[in-house]
Structure formats: structure tokens, C-alpha cells
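Me: I am new to this structure and would like to learn how to read a few of its features. Could you take me through them one at a time?

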Amino acid sequence: MKPTRTLWTALRLTLVLTVVLGIGYPLVVTAIGRVAFPAQAAGSLVRDDAGQVRGSALIGQSFLGSDGTPLPQYFQPRPSAAGYDAAASSGSNLGPEDAGLAAAVAQRRADVATFNAVREDQVPPDAVTASGSGLDPHISPQYAAIQVARVAAARGMTEDAVRALVAAHTQGRTLGFLGEPRVNVVTLNLALDG
Amino acid sequence: MTATVWAAIGQFGILLVLLAAVHLPLGAYMARVYSSPHHTRVERAWYRTLRVDPDAEQRWSTYLLSLLGFSLASVLLLYALGRLQAHLPWNLGFSGLDPATAWNTAVSFTTNTNWQSYSGEAAAGHLLQMAGLTVQNFVSAAVGMAVAIALVRGLARSGTDARIGNFWSDLTRGALRILLPIAVVGALVLAANGVIQSLDPHTAITTITGETQQALGGPVASQEVIKVLGTNGGGFFNANSAHPFENPNALTNLVEIFLILLIPSALPRTFGLMVGDRRQGWAILGVMTGLWTVATGLLTWAELAGPGLAPSLAGAAMEGKEARFGLAGTALFGAATTGTSTGAVDSMHDSLTAPGGGVAMFTMMLGEVAPGGVGSGLYGMLVLAVLTVFIAGLMVGRTPEYAGKKIGRGEITLVALYVLTVPAAVLLGSAISVVTGPGLAGIQEAGPHGLSEVLYAFTSASNNNGSAFAGLAAGTPYFNTMTGLAMLVGRFVPIALVLALAGRLASQNTVPASAGTLPTHRPLFVGLVGAVTLVVVGLTFIPVLSLGPVVESLS
Amino acid sequence: MNRTALALPTSPAPAGHPGDGTPPHTPRVRAGRALSWAQVRAALPGAVRKLDPRVLRHQPVTFVVEIGAVFTTVLSIVDPSVFAWWVTVWLWFTVLFAALAESIAEARGKAQASTLRATQRQTTARKVVAGQDTLDFGSRLDLLETTVVPSASLRVGDVVVVEAGETIPGDGDVIEGVASVDESAVTGESAPVIRESGGDRSAVTGGTVVLSDRIVVRITAAAGATFVDRMIALVEGSERQRTPNEIALGVLLTSLTIVFLLAVATLQPFAVYSGQKQSVLVLVALLVCLIPTTIGALLSAIGIAGMDRLVQRNVLAMSGRAVEAAGDVDVLLLDKTGTITYGNRRAARLEPVGEVTRTELAVAARLSSLADTTPEGRSIVDLAEHSIGAGAALPVDAVLVPFSAHTRMSGVDLDLDGEPFRLRKGAGSAVRGWVRSTGARLPEDVEAHLAELVEDVSRSGGTPLVVAEQLGEAPARVLGVVHLKDVVKEGMRERFDELRAMGIRTVMVTGDNRLTAQAIAAEAGVDDFLAEATPEDKLAYIRREQSGGRLVAMAGDGTNDAPALAQSDVGVAMNTGTSAAKEAGNMVDLDSDPTKLIEIVQIGKQLLITRGALTTFSVANDVAKYFAILPAMFVGLFPQLGVLNVMHLSSPQSAILSAVIFNALIIIALIPLSLRGVRYRPAAADVLLRRNLLIYGVGGLIAPFLGIKLIDLLVSLIPGV
């Protein structure tokens with residue numbers, strides 16, 4: 001087979017494959033997904049009581065005031081290198097020995113402790129580290145626990161009521177051994193508002 | 001912490017059980033796919049359209065030429081799609097990629113590397129993702145499998161005039177009969193668990209606090225599944241499998257790990273069946289499993305222990321990791337992605353602990369053979385087995401033989417070049433980058449970690465992995481060009497050598513084994529292949545590793 | 001009376017020791033010779049000559065060391081320091097030691113070659129002095145004037161006289177006389193053949209033995225002188241060509257060298273980035289320590305020594321390739337006669353015929369054989385005395401009737417109370433002919449019984465020897481049949497078991513019929529046999545095995561073996577064989593011992609094992625060298641790397657120097673091993689691998705840790721290092 005003929009064959013094959021695998025296959029999967037799992041396929045959107053879309057259960061949001069300070073009436077998510085901008089997922093990519101990261105961690109620990117009026121050693125790791133995606137919707141149950149009193153105070157709710165809501169939005173390990181126990185901040189905060 | 005350790009062991013155990021259960025039927029199925037003389041009706045029409053004779057046995061050189069022609073066509077088409085994005089439908093309003101990024105991306109996806117110097121959600125529209133990247137996710141994987149199968153045929157055949165199969169048929173069957181059916185099922189499983197699958201554009205929504213956030217759309221599940229199944233690793237979004245829409249929960253995390261390891265761990269079975277000696281397949285699988293288990297163990301230990309300045313301040317190495325996967329799930333994913341040529345990440349590897357990052361890097365340096373990329377893992381491991389046979393075979397006093405083929409001057413020359421190519425690309429690329437201006441400009445952190453970033457980049461690119469210590473600003477023309485070259489060299493030079501080896505082996509007569517033949521299926525040999533792999537790679541990279549991850553780890 | 005002339009018709013000289021005037025070889029040196037200082041001194045000038053870059057270029061690994069040494073020499077001159085000079089000197093030593101290894105091996109080869117030349121002259125021939133054109137063939141043979149010359153000096157056209165008991169010195173034609181010739185050493189057939197002048201039975205083969213009578217032979221092919229010359233050149237190493245495996249290993253070593261070159265060359269940019277530029281001297285030292293200098297230095301010495309070991313066992317190989325191929329052999333074709341069996345048949349049973357009693361037959365058989373000193377004759381006496389006990393000695397007046405090619409019988413004439421008593425034994429037809437000539441008529445049932453016995457013996461692979469007697473002038477009568485049979489050599493079964501463990505199948509080749517072959521094959525424990533083998537059969541068998549991918553070795557000596565020898569992968573020609581056979585094979589065994597094949601196979605394997613073991617050792621050494629050198633290079637920059645200094649070497653400089661010195665000394669230390677070859681005991685492949693891995697792999701990991709530490713203790717005493 002001559003090289004030029006090979007290249008033409010290759011181009012034809014690439015085009016045919018593009019039609020089958022690049023157009024046909026995604027469309028078929030999309031069609032099935034739309035019928036079989038419409039909510040998930042569309043992004044697990046969450047709505048408020050008014051039926052208005054307020055985010056995705058899978059995508060974290062920031063709960064900051066207009067001045068950039070954390071709002072006490074909301075459970076605070078993990079720090080984010082992306083500022084919870086869903087169109088710019090990203091981690092900090094800072095190495096374990098990075099001085100800037102170390103300083104940031106120390107600062108966050110102090111801030112979180114102050115904000116929630118707890119001791120620094122009560123602040124769990126996820127509260128002081130940015131996630132990989134910058135869109136992590138979850139926090140650890142420990143981080144949720146140290147926020148309960150503050151949120152309850154800010155909202156004038158009993159701590160038990162808040163704690164009950166936290167429990168309702170806490171997931172354990174899948175099948176008992178996959179992943180870590182976690183609290184979904186987005187759905188929890190939406191529930192607090194609702 | 002003990003609960004986490006048990007969870008880590010549990011997920012590792014269930015993964016092995018699942019893979020063990022599936023690899024027998026899948027390996028047998030793949031052997032049938034590549035051995036069957038029959039074409040389906042669809043395929044016959046397909047070949048008529050392409051005007052190729054799928055039954056024409058090709059010599060290794062023709063096979064290689066077809067492969068290179070196909071890859072060139074892929075690069076051209078993908079480059080065009082990237083550059084012309086602004087003028088094509090479903091572009092979400094994104095402009096075309098700049099030439100360096102388009103070249104890097106085209107090379108990256110064609111070589112099964114899927115190194116990304118662009119951000120998916122900020123640069124690639126749905127058409128580019130589907131018709132460009134998803135397609136290459138399929139076919140670059142099918143190319144790797146075809147090469148592996150060609151090498152297996154070389155070992156299995158006897159005196160065939162260097163004929164090792166038909167590339168067009170192997171590619172078609174790999175993509176349509178193996179990858180596509182699994183992909184459809186896998187995509188639906190992922191979609192059911194929250195991976196999005198739509199053709200909607202990104203739309204603005206109002207968040208709980210009244211801010212504006214983009215609600216993302218896209219055919220993610222259909223691309224996500226082949227991203228892992230084909231050990232590609234190029235994420236739909238910038239954060240890759242750390243992104244909640246690519247990898248929404250711990251279950252999908254395990255599914256993705258399973259899919260990453262699925263074909264690489266089943267191919268040894270295919271190999272064993274095709275050479276008519278299943279024990280050879282077991283032995284290869286044994287080496288892969290052994291090396292990968294050690295890597296997983298070390299990586300998991302490193303991340304759970306969390307040594308280092310920032311992790312100890314934070315209380316755990318959670319920087320760059322997702323709460324839903326936890327340390328153990330992240331470490332398992334990291335070992336799977338670097339042990340194969342996947343490069344998908346569910347955490348930011350740059351923020352791994354120093355020993356953890358070192359293990360991830362070293363696992364790639366092994367040549368991604370534990371268990372390796374689809375196809376590339378098997379052919380890489382077979383080359384290492386041939387190398388081991390050569391040294392060990394001499395020690396039993398015979399001209400070394402593997403699967404009944406004599407390993408003489410021609411064979412060992414090809415093997416030696418194979419073993420030489422990727423380390424050369426890694427070392428030269430890294431060395432140039434740490435002493436030149438454009439290279440140094442990309443380094444995020446000074447000191448040993450900066451060296452690790454560069455070394456990781458070239459290790460990943462040359463081994464066609466695609467993961468990164470992403471602190472490195474690799475989106476520059478310099479790094480786009482250099483890593484692009486590393487990917488090309490790291491992909492096609494080894495493939496050419498492997499096909500040449502396949503041709504030589506296929507034209508040899510098979511020598512029957514005797515008591516004097518070195519048995520290549522016993523535990524001793526399995527251990528020896530592992531040891532040779534570790535020693536050869538270790539000796540090559542220890543100097544540079546000692547200035548990067550080793551120094552960091554000893555801080 | 002000529003006692004030797006009484007030899008039975010079926011008695012060839014013992015195989016392996018044909019009476020060719022050459023004393024049987026006692027193996028000169030069995031084990032590898034120890035390396036003496038004298039040898040080292042003698043090899044030193046040759047080693048220095050090898051330092052010439054044009055020569056060294058062919059050994060890439062050592063060549064790289066030499067370039068490195070040149071570099072450091074320049075650096076030491078430009079920027080002198082005690083450390084720099086010590087490193088430089090030891091780098092030069094490394095190069096020198098590598099050259100020395102090869103030089104010593106070559107010197108030993110040369111010594112071997114001169115011994116070889118002497119061996120060749122020991123075979124002699126009785127050459128007719130007169131020019132052949134003046135020869136009067138009608139004249140009496142014993143009047144021809146002859147002179148004794150080395151057979152190697154014979155040229156085409158020379159005429160030689162060969163008498164009973166002598167070896168025919170070369171291929172030729174009988175131009176006068178008739179003789180029975182034992183060609184078993186050539187053809188494997190134990191029955192003697194008649195060779196006479198004129199006709200198509202005139203060709204005689206060098207190395208065959210005249211059993212009776214006396215012939216004049218014109219030489220038609222020079223005895224393998226040119227062949228031996230070629231061999232000597234090979235042994236001396238002057239015509240040494242690298243063997244396929246050696247080349248393949250060379251490729252691997254070269255690529256390892258390139259890998260380490262890359263690793264070390266790129267280390268400088270990384271070091272610069274990290275903030276501590278390294279001196280070129282240290283980088284060169286690291287490079288030399290990492291590249292596989294040990295095996296690179298010893299590789300050619302191992303090859304030369306392998307050839308040398310073969311020669312020590314009196315085997316000449318045409319090429320190193322053949323020696324290597326011997327290690328790969330899958331199938332061994334061995335001739336039955338003289339190899340698996342003693343080649344001399346022995347009396348196994350006495351079968352009286354008709355009314356004759358066993359005792360009568362025993363007495364007669366014993367008497368007829370008392371004067372026969374051949375193993376076969378003895379065996380008849382032994383067997384007879386076993387049944388009737390020792391009897392009287394032969395009366396002094398007994399007249400021995402020698403075997404001759406004409407009568408094909410031998411016997412004895414006695415005087416029994418004044419009446420002549422004649423005993424004869426021989427081939428069935430000859431003896432029956434003699435019996436009839438005395439006017440006897442055998443009864444029909446006796447005739448039938450005799451025929452049946454003869455056939456039975458023949459069918460079972462034995463040789464029937466008919467015994468008859470004649471008292472006075474009465475008709476002679478047949479007494480019975482002596483059953484002569486092949487006896488399998490002791491210990492053969494064990495050797496074949498050993499071969500089987502090594503993965504080698506043994507095939508017995510014989511001219512016997514199937515049944516006999518089967519019986520002997522079972523007794524000897526071979527894996528297969530080829531019965532009633534014609535040269536074509538042998539060739540076909542070898543081709544069939546080879547088409548299945550197997551390597552075949554065979555020993556042969558006859559002209560009719562030549563095609564099979566040429567076809568086989570390892571063809572060992574017997575020195576007593578024809579020159580055609582020697583040309584066709586790729587090895588010659590001076591001892592003409594076909595079982596030597598087994599040793600040849602072992603030497604081939606040992607050669608490969610030595611290379612593999614030293615390669616493994618060499619590469620394994622690198623681990624320790626990294627632990628010595630890397631912390632030394634960077635501990636100033638990164639103090640935490642001091643943890644890797646597991647040997648607690650006294651200082652960075654001493655660590656580097658110690659590694660360099662160890663690297664050089666290990667070459668010297670391993671020269672004896674490379675010359676001797678690693679120990680080889682036949683075993684299955686995985687057993688061998690496990691043992692060699694343990695010794696050379698694990699040993700190679702540990703040894704340098706100890707060695708470098710010890711050297712460091714000494715080096716740290718050097719002021720300025």
C-alpha cells in the first residue's frame with residue numbers, strides 16, 4: 001500500500017469513526033440518559049421552595065457576604081482555589097512543602113477557630129485545605145459539628161434543630177467502605193433557608 | 001484512622017475481586033475478537049466504504065505505516081477541529097485554540113496521553129469534546145490494543161514472513177467490538193450516579209446567597225467513560241475526575257478505577273490464550289499485580305500518614321483532595337491512573353505528599369506497565385519480560401527464549417532501544433527545562449518541588465500518562481512544544497520498535513520448550529521481571545529522583 | 001604364531017582407542033587452571049597494547065572508561081589535587097584491568113595452540129620411500145622400503161603400507177592387497193569389511209584399522225592438516241569472531257552504557273538547578289561506576305576461555321558459534337556402537353543344537369577361544385568357564401587357525417590321542433560351508449534348529465557364532481551357536497537422565513533392526529532410537545527435528561555421516577573419522593569419544609551462564625555504588641541525604657574514590673572466574689536460575705557494600721582525600 005493511499009484510507013476511517021463515535025454514540029447516550037436519568041443527566045439541580053434552580057447538589061457554592069467575609073448563618077464549605085466558580089474548576093496545586101500553603105493553612109486554622117469560637121485543635125483538616133476541584137460541595141462531619149453553634153445562633157434556631165438538619169444531609173461511607181462520611185453544604189444550607 | 005485503613009483495604013480488596021471476576025471472560029472475549037476470521041455485516045460495509053481488505057495480512061512495516069498514517073490523520077483532524085472551533089457548531093461561543101495549544105492537544109489525545117494545557121470548561125465546546133476528543137479517546141486506545149495484539153501474534157505465530165495482522169481490522173474491532181459496548185454500559189452507570197450528559201450550553205443560575213454561578217452542560221458521561229476505559233485521562237473539565245460532574249461520589253470513583261484497570265488487566269489473559277499457554281498470561285498479570293499492589297500500598301500509606309510541612313499543619317494531606325473520596329479513595333485512584341497510562345486525576349497530584357508524589361512519578365517511570373495503558377501496558381511488560389529472559393536465560397545456559405522465540409541480537413537491539421527511548425525523552429526534556437529561561441518560567445515552586453513538577457511533566461508526557469503536577473504553568477508555547485515532542489517520541493518510537501519486534505518474532509519458528517528452557521510462568525520468573533523492571537528504572541532515575549521527591553521526602 | 005591374528009572375525013579394536021600409534025589421550029587438564037602471576041606478567045605487555053583507542057573502540061564500555069580517564073587526566077593536570085589524581089589513576093587501572101583480562105585469556109589460548117600442534121604430529125604412517133611411479137606392484141609387499149612419518153605430513157599421492165593392527169593414516173585407495181578392515185570407528189558398524197585393490201571396494205578411510213593382512217594404500221586426501229591449522233588460529237584468538245549471544249549481550253551493555261551516560265549527563269543540569277554544580281571529575285567517576293564495566297571488561301575473556309576449555313578436553317571447535325549452539329542443543333544423536341554400547345559384543349548365551357549338550361558346546365567354545373585375547377574371545381571363555389568351570393590350558397602343540405577375510409572363520413587344530421581334532425567358529429554360512437566340505441550332511445531337523453537359532457540371535461540384535469568340530473577325517477558336526485550381544489556401557493543411563501534434566505533428548509542411532517534397537521534403547525534409557533539407519537535416514541531425522549525448531553547435535557566419523565554432520569547444528573567429528581566428516585562437522589574430538597558431546601554441551605552452557613551471571617553481578621553492583629556516591633555528591637546541598645550514606649563512609653571524596661577503586665578491583669577479582677567459568681552442574685533451568693540468581697544477583701547486591709566499606713577504611717587514611 002502506498003503511503004498516500006494509506007493516508008487517504010486513514011482519513012476516511014477517521015471521518016467514519018468520528019461520525020459513529022463522535023456523534024452517534026454521544027447522542028445515543030444522551031437520549032437514553034434523558035429518558036432514564038433525567039435529573040442526574042441534567043446536573044442534579046436543586047431548587048428552592050419556589051421551584052427556582054439554586055445550584056447543583058454536586059457543585060459547591062461559596063457563602064460569603066458582599067464584602068467577602070463568611071456569612072455566619074450558613075455552613076461554610078472548604079476553602080476553594082477556584083472561589084466556587086463552576087466555570088473554572090481548579091485546585092491550588094501547591095506542594096506539601098510550599099511555604100505559602102503552610103502559611104495559608106495556619107491562617108485558615110486561626111480564622112476558622114475564631115469564626116466558630118472553637119479551639120484551633122478542633123478544626124479538622126478539610127476546613128483548612130482547598131479541594132482538588134475547587135467545587136467540593138462536601139465538608140467533614142467534624143467541620144459541620146464545629147459550625148452548628150454559630151449557625152444556630154445566627155439563625156436563632158436551636159442547636160439540636162440544626163444538628164438534625166446536618167444529620168439529614170450527612171452521608172456515610174458508600175457500602176460501608178467507599179469514601180468518607182460527609183455533609184453536603186449546598187443542600188444543607190438550602191434546607192436551612194427553606 | 002483505623003476505620004480509614006480498613007476502608008482502604010476493603011476498597012482495594014473489592015476492586016481486585018471485581019477485576020479477577022471480569023478478566024477471564026473479557027480476556028477470552030478479546031482473544032476471540034482479534035482472532036476471529038469473521039466480520040460482522042456492519043463491518044463488511046464499513047470496510048467496503050473504506051476500500052480496505054480486512055483479511056490482508058500485513059507485514060510489520062505495512063502495519064506500522066497504516067498506524068502512523070491513521071495517527072497523522074487523527075492529529076490533522078483534531079488540530080483542524082481545535083483551530084476552527086469558532087466556525088463550527090456547538091462551540092459554546094469559544095474561539096479556536098491557539099496553534100501551540102491546538103498542536104499540543106492534537107498530539108496529546110492522539111498519543112493516548114491526554115495531557116491538557118487548556119481548561120475544558122473554559123476552552124472546549126461540545127463539538128470539539130465529542131467529535132474530536134471523545135473519538136480520539138476511543139481510537140488511540142484501540143491503536144494501543146492493536147499494537148499489543150500484533151506483538152502477541154508475533155509471539156504466537158511461527159515462520160509467517162513477518163505478517164502480524166491487519167491494522168484496519170484490528171483498529172475497527174478494538175473500537176467497535178470491545179470499547180464501544182463497554183463504554184455504552186459504563187456511560188449509563190456513570191450518568192445514573194450523577195455524571196451529566198446533555199448537549200445544553202452552560203447557563204447562569206442564582207446561588208443560595210444570590211450570586212451567579214454557571215450551571216454546566218455537556219456530553220460528559222459518554223466521554224468520561226472512555227476517558228477511563230481507554231486509559232486516556234483527558235478530563236471534560238479542568239479538574240478532571242476531581243470535578244463533581246465527572247466523578248460525583250465514592251461509588252463512581254471506584255467504577256472509574258475499575259474501568260481504568262479493566263482492559264489492561266484482562267489483556268494478559270488474551271495474551272495467554274493467543275499464545276496457547278495461559279500460564280504465560282498469569283505470569284504477566286502476576287508481575288503487573290505485584291508492582292501495582294506495592295505502588296498502591298506505598299501511595300496509600302504516604303497519603304494516610306501525611307508527612308510534610310503543610311499536611312502536618314492541616315492535620316492530614318487533604319489539600320487538593322475531595323471530601324467525598326477521602327485519602328484512601330484518592331490514593332487508590334492515583335495509583336491506578338499512574339500505573340496505567342491514564343492520567344485522569346481525582347485529586348491534584350501536585351499537592352500529594354512528597355513520598356506519595358514520588359511513588360506516582362516512579363510508577364509512571366516504570367514505563368506504565370503495572371498494569372499499564374490499554375495495549376501499551378501489555379506490550380511494555382512483554383518487552384520487559386523479553387529483557388528479563390535475555391539476562392536470566394543466559395544464566396541457565398541457553399540462548400534466551402520467550403514463548404518459544406529466540407531472543408538474539410536483532411530482538412535485544414529493539415528491546416534495548418525501547419527501554420532507552422522513554423527515559424531519554426524524560427531526562428533530556430527535564431534537564432533542558434530546568435536550565436533554560438522558558439522552562440524555569442513555568443515552575444511554580446522553587447527548590448526540589450519545582451524539579452519534581454518539571455520531572456513529573458516530562459515523565460507523564462513521555463510515558464503518555466497525561467496527569468500533571470499542575471502547578472507547572474505548562475500552557476506556554478515552550479512547554480506545549482516540548483511536551484508535545486515528548487508525547488510523540490514516547491508513543492510512536494516504542495510502537496515502531498514493538499511492531500518491528502513483532503515482525504521479527506512472527507518470522508521465527510517457535511522452539512518447543514524443554515526442561516532446559518527457562519520457564520517463564522513460575523513465581524521465580526515473575527519476581528525476576530518485577531526486579532529487573534525496578535532495577536533498570538531505578539538505576540536510570542535515582543539520581544534525578546534523589547534531587548526531587550527523595551530530598552522532599554527526607555525534609 | 002601371531003596371536004593377534006587369531007582375532008575373531010567379529011572383533012574390532014576397542015572403539016575410542018584404535019591402535020593408530022597414538023597413545024590414548026589422558027585429558028590434559030580437566031578443571032580450569034589456576035591463574036599464576038607468571039601468566040599475568042606475561043599478559044601485561046599485550047594488555048598495554050590494547051589500550052590503543054583504535055583497538056579499544058570495539059569494547060564500548062571499556063572505551064567509555066578510557067575516554068573518562070583521559071578527561072580526568074586533563075582535569076587533574078589543570079586543577080591538581082590528591083583526590084583528582086587518585087581517581088584518575090584508578091580509572092586508568094580500570095581500563096588496564098579490562099585489557100588485561102582479555103590479554104590473559106589470549107595468552108592461555110596461545111599456549112593451548114602449541115600443545116595442539118604437538119598432538120597432531122603424534123600420529124604416524126609408514127610411507128613408501130620409493131617414488132610411486134617406480135613401484136612394481138607385482139613385487140613382494142614386504143620388500144617395499146618404508147619410513148615412518150607423521151601422518152599430518154602426508155600429501156595426496158603418497159603411498160603407505162598398513163599392516164594388521166595399524167591405523168590407515170588417511171583417506172585413500174588400496175592399490176595392492178586385500179584385508180579385513182574395522183571401520184566401526186567410521187561407520188558405526190562393528191562387522192569388519194573387506195577392502196581390496198581394484199573394483200569398488202578399494203576405498204579406505206583414514207582412522208580405520210586393518211585387522212588382518214596387509215595393504216598398500218595411495219593417499220587421496222591429505223590428512224586434516226589444513227583443518228587443524230584453522231583450529232589453531234581459532235584457539236589463539238587471532239581469528240576470533242564474536243558469537244551471536246556475545247554480540248546480543250554487547251548490544252545490551254552498550255544500551256545500558258547509554259542509559260547511564262544520559263542519567264549522569266542530565267544530572268548536571270539538575271544539580272545546577274538545585275544549586276550545586278558538580279565537578280566533571282565526580283560525574284566521570286559516577287559514570288564509570290555505573291556503566292557495566294565488570295562484564296564489559298570480561299566479556300571477550302569469557303569467550304576466549306570457553307574455547308580454551310573445549311581444547312583442554314581435546315575438542316576443537318571451528319567457531320565460537322558452535323560452542324554456543326552446543327548450549328542450546330535439544331536433541332543429541334548418538335551412535336550406538338562404541339558410544340552407548342561397548343562396541344565389542346560379548347558372549348551372552350550358548351545354544352547347543354540337536355543332540356549336543358550344553359557342556360559339549362561349552363568345552364568346544366572355550367577351547368576355540370582360549371588363545372583369543374580380544375574382549376569378545378575372552379567373553380566366550382568367561383561364559384564357558386562359568387558353566388563348566390576352568391579347564392585345562394591349550395596344549396602346546398595346538399595349531400591356531402587365524403581368522404582371515406577369505407575363510408571368515410578361526411579356530412584351533414589339536415592332536416587328540418593322535419587323531420587331528422579341528423574346532424572352528426565363525427559366521428553361520430562360513431562354518432556350514434566348512435562342515436559340508438568335510439562331506440557331512442546335517443539332519444534336516446538339526447539344520448532347521450540351527451537356522452532358527454541363528455535367526456533368533458540375529459533378530460534380537462546379537463551376532464550368532466556357529467561352532468563346529470571335526471574329529472579325524474570324519475564328517476564335521478555342528479555343535480551350536482554362541483550368542484554374542486551388545487552390552488550397554490555402565491553409567492550411560494545416569495548420563496541420559498542428566499541430559500533429560502537439562503532438557504536434552506537422546507536419540508540412539510544404529511544399523512540394527514528395529515527389535516534389537518528397541519531392546520538396547522530400553523536398556524540404555526535413551527529417549528528415542530533410529531533403527532536400520534541409513535545416512536539418508538539420519539539426515540531426514542535431523543531435518544525433521546530442526547523443522548520443529550530444535551537444535552540437533554551429533555557425533556559422527558564416517559564419510560556417510562558427513563551430510564548429517566553438516567546438517568546438524570553441532571556436528572562433532574571424531575578425529576579418527578574421515579576428512580569429509582571433519583570438514584562437515586563444526587567440531588573435532590581428538591579423543592574420538594562420542595560421549596564427549598555431553599561435555600561439549602556443558603561447556604556451551606557454562607559459557608552462557610558465565611556471561612549472564614557476571615552481567616547480573618555487574619548491574620546489581622550499581623545499587624551499592626549509588627548509595628556510596630549520590631549522598632557524597634549532594635550531602636553538602638541537602639544534608640538530609642546523609643541518611644542514604646548507609647555505609648557510613650568517612651567523607652564524600654573517600655566515598656567516591658572507594659567506589660571507583662572497588663569498581664576496578666572487582667574486574668581483577670573476577671578474571672579467574674571468567675577464565676574458569678562459573679560452576680555448572682546439570683539441572684533443570686529453574687534450579688540453575690535460582691542458584692545463579694542467589695549467588696550473582698543477591699551476591700552482586702551485597703558484595704559492593706562490604707567491598708566499598710573496606711576500601712573506604714583504607715582510603716580514609718590517605719592524607720588529602
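Me: Is the crossing of H2(B) and H7(B) right-handed or left-handed?

Reply: Please keep in mind that this is a predicted model. The crossing of H2(B) and H7(B) is right-handed. The two helices, H2 (residues 41–50) and H7 (residues 167–192) of chain B, have axes that come within 12 Å and cross at roughly 135°, which makes H2(B) oblique to H7(B).

Me: Which residues make the contact of H2(B) with H7(B)?

Reply: From H2(B) come Glu43(B), Trp46(B) and Tyr47(B), while H7(B) supplies Trp168(B), Ser169(B), Thr172(B), Arg173(B), Leu176(B) and Arg177(B). Sorted by class, this contact has four nonpolar, two polar and three charged residues.

Me: Is Ser56(A) buried or exposed, and why?

Reply: Buried means under 20% relative accessible area. Ser56(A) has a relative accessibility of 4%, and therefore counts as buried. Its place is in strand E2 (residues 53–56) of chain A.

Me: What does the side chain of Ser56(A) reach, and with which residues is Ser56(A) in contact, leaving aside its neighbours within four places in sequence?

Reply: The side chain of Ser56(A) reaches the backbone oxygen of Gly43(A) at 2.8 Å. With those sequence neighbours left aside, Ser56(A) is in contact with Gly43(A), Ser44(A), Leu45(A), Val46(A), Gln61(A) and Val186(A), and also with Phe245(B).

Me: Which chains have the most contacts between them?

Reply: Of the two pairs of chains that touch, chains A and B have the most contacts, whereas no contact joins chain A and chain C, whose closest C-alpha atoms lie 15 Å apart.

Terms used:
Residues are numbered from 1 along each chain as its sequence is written. Chains are lettered from A and ligands numbered from 1 in the order in which they are written. This is a predicted model: local features need pLDDT of at least 70, side-chain atom pairs count only at pLDDT 80 or more; totals for chains, interfaces and linings use all residues. Side-chain values use heavy atoms; hydrogens and water are left out. Helices (H or I, at least four residues) and strands (E, at least two) are DSSP runs, numbered from the N terminus. Buried means under 20% relative accessible area, exposed over 50%, partly exposed in between (1.4 Å probe, protein chains only). A polar contact is a pair of N or O atoms within 3.5 Å; within protein, one must be able to donate a hydrogen and the other to accept it, and residues adjacent in sequence count only if both atoms are side-chain atoms. Contact means heavy atoms within 4.5 Å. Axes are lines fitted to C-alpha atoms, for helices over the stretch in contact, and angles run from 0 to 180 degrees between N-to-C directions. Angles under 35 degrees count as roughly parallel, over 145 as roughly antiparallel, 65 to 115 as roughly perpendicular and the rest as oblique. A crossing is left-handed if the near helix is turned anticlockwise from the far one by less than a right angle, and right-handed if clockwise. Ala, Val, Leu, Ile, Met, Phe, Trp, Tyr, Cys and Pro count as nonpolar, Asp, Glu, Lys and Arg as charged, and the others, Gly among them, as polar.
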